[in-house]
Amino acid sequence: MTHSAPPPGPDSASTSQADVDAEMAAITAAYDASATVASDPETQPRLNYPPYRSSLLRHPTKDLHHADPEGIELRAPVFGHRDVGRLESDLTIQDGGEPIGERMVVTGRVLDGDGRPVRHQLVEVWQANSAGRYIHKRDQHPAPIDPHFTGVGRTLTDDEGRYTFTTIKPGPYPWKNHLNAWRPAHIHFSLFGTDFTQRLVTQMYFPGDPLFALDPIYQSIVDPAARARLVATYDHSVTQHEWATGYSWDIVLTGSHRTPFEDVEEEIA
Amino acid sequence: MSDLAPTPGQTVGPFFGYALPFTGGEDLVPISHPRAIRLHGTVYDGAGEPVPDAIIELWQADEDGRVPQVEGSRARDGWTFTGFGRTPVDDTGHYSFTTLVPGAGSVGAAPFFAVTVFARGLLHRLLTRAYLPLDDEAAAADALLGSLPEERRDTLVVRPDEHGFVFDIRLQGEGETVFLEHGTS
Ligand SMILES: [Fe+2]
């Protein structure tokens with residue numbers, strides 16, 4: 001029996017990669033020519049990024065409105081070992097057998113904008129398996145499901161704000177943004193800070209991925225230095241002898257509005 | 001002010017359904033709680049169509065206006081109010097939390113629920129507030145509501161219904177919800 005690529009389905013978009021590339025290049029050129037590119041570079045993705053088709057009807061058209069954080073917004077939910085099992089940070093031991101793929105360790109620190117560690121806070125991850133397939137009913141990619149890999153992990157940061165996961169390197173996968181669209185391999189991360197306003201969901205990528213230039217989700221962060229912050233570093237000091245490769249990736253949340261005084265107060269209390 | 005550049009956000013994508021939701025995420029209190037209320041609504045896109053692949057988080061004070069700082073949101077014991085909830089919308093874009101009415105606390109500020117929206121197609125999470133119903137005078141006195149024209153202000157105020165409150169979220173277009181930034185990029 002031979003396998004071949006399925007013909008494009010009715011919901012496959014028909015725009016070519018070249019057309020999407022041209023759209024992305026035009027946005028990049030406009031950004032590079034803008035007056036603020038050097039003095040005030042963008043740090044977040046554009047909410048309105050037409051090359052990512054699903055953003056068209058789902059981005060606010062009005063500017064975000066400034067609000068000084070108040071009350072509840074100055075604190076974050078608290079999680080502990082009641083909420084997160086100690087083994088949930090190892091995605092390779094969850095389902096009664098060993099998953100297929102490149103075993104890897106990913107570790108880093110969660111910091112606030114002032115460089116203070118975010119301690120004892122929840123970090124959640126989810127990812128495709130080594131073949132690029134998620135265990136999700138909506139994932140129709142005809143790549144094999146790995147019965148020993150759910151692709152879901154959780155942990156709490158330690159006293160230094162450090163998280164560590166053991167997992168399998170995810171594969172790239174196709175999606176329906178345009179014809180022959182592929183996502184670079186990535187791990188989804190969900191993070192909390194000390195303030196609810198620091199809430200972050202993002203994606204970690206791998207160095208040197210040839211799909212970066214082609215991916216509208218990655219390119220929606222139009223500033224090259226900003227999007228490079230999503231790329232982990234291969235780190236041989238994290239690699240484990242005859243066991244797993246290692247990657248390092250630190251995460252910086254936006255600034256906390258809590259003053260050092262408030263933190264001291266809390267530690268005394 | 002911040003020294004380090006922040007790590008950018010990215011969309012939650014379509015495949016969070018087996019990772020982020022957790023059992024009881026939508027029930028900050030059991031439905032049998034004597035003062036349980038419902039906070040619910042629908043997420044709409046710019047065409048007025050419901051968004052079926054969003055996930056909503058709720059973070060709020062307790063009835064006395066105190067900010068909960070206790071663990072147990074992911075493993076609720078049924079007795080402890082942790083103040084945090086998370087629920088995906090259903091196929092009709094609808095979400096529903098069972099919770100308590102947040103109190104004003106000693107400061108007397110207008111109480112609100114802090115709400116975060118994630119969705120496929122939404123490249124960075126959106127933060128907003130769902131205020132309890134309040135009169136014009138109180139709204140004008142609130143730092144945020146007072147800074148908004150009346151028609152936009154209304155997008156941040158819940159509407160009472162039979163069991164609690166309705167808070168619809170419009171990502172784009174007519175009646176677009178006011179989304180917030182807090183000055184730290
Ligand atoms: Fe993904």
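**Where chain B meets chain A**

Author: Let us begin with the interface of this predicted model. Between chain B and chain A, the rule finds 44 residue pairs in polar contact, both residues of a pair being at pLDDT 80 or more. On the side of chain B that touches chain A, at least two residues each come from β2 (54-59), β3 (84-88), β5 (112-119), β6 (126-131) and β10 (180-181) of chain B. Of these, β5(B) gives the most, with five residues.

Reader: Which classes of residue make up the side of chain B that touches chain A?

Author: That side has 38 nonpolar, 21 polar and 17 charged residues. In total the contact takes 76 residues from chain B and 80 residues from chain A.

Reader: How is the size of an interface often given?

Author: It is often stated as the accessible area that is lost when the parts come together. Here the area buried between chain B and chain A is about 6,900 Å², and carbon and sulfur atoms give 57% of it. In chain B, the residues that lose the most area to chain A are Gln10(B), Phe15(B) and Tyr18(B), together 12% of what that side buries.

Reader: What makes the pair Glu124(A) and Arg86(B) a salt bridge?

Author: The closest N and O atoms of Glu124(A) and Arg86(B) are 2.8 Å apart. The limit for a side-chain nitrogen of Arg and a carboxyl oxygen of Glu is 4 Å, so the pair qualifies. Across the interface of chain B and chain A, the rule finds six salt bridges.

Reader: How do you know that β1 of chain A pairs with β10(B)?

Author: Two bridges join strand β1 (residues 65-66) of chain A to β10(B). Pairing requires at least two bridges, so these strands pair. They run parallel, and Glu181(B) in β10(B) is the bridge partner of His66(A).

**Individual residues of chain A**

Reader: Why is Arg199(A) called buried?

Author: Arg199(A) has a relative accessible area of 1%, and the cut-off for buried is under 20%, so the term applies. This residue lies in the loop between β8 (186-191) and β9 (200-205) of chain A. Leaving aside neighbours within four places in sequence, Arg199(A) is in contact with residues of both chains, including Leu191(A), Phe192(A), Glu57(B) and Arg86(B).

Reader: What makes the link between Arg199(A) and Ser190(A) a polar contact?

Author: Their side chains are joined at 3.0 Å. The limit for such a pair of N or O atoms is 3.5 Å, so the distance meets the rule.

Note on methods:
Residues are numbered from 1 along each chain as its sequence is written. Chains are lettered from A and ligands numbered from 1 in the order in which they are written. This is a predicted model: local features need pLDDT of at least 70, side-chain atom pairs count only at pLDDT 80 or more; totals for chains, interfaces and linings use all residues. Side-chain values use heavy atoms; hydrogens and water are left out. Contact means heavy atoms within 4.5 Å. Buried area is the accessible area (1.4 Å probe) that two parts lose on being put together, summed over both. A polar contact is a pair of N or O atoms within 3.5 Å; within protein, one must be able to donate a hydrogen and the other to accept it, and residues adjacent in sequence count only if both atoms are side-chain atoms. Helices (H or I, at least four residues) and strands (E, at least two) are DSSP runs, numbered from the N terminus. Ala, Val, Leu, Ile, Met, Phe, Trp, Tyr, Cys and Pro count as nonpolar, Asp, Glu, Lys and Arg as charged, and the others, Gly among them, as polar. Buried means under 20% relative accessible area, exposed over 50%, partly exposed in between (1.4 Å probe, protein chains only).
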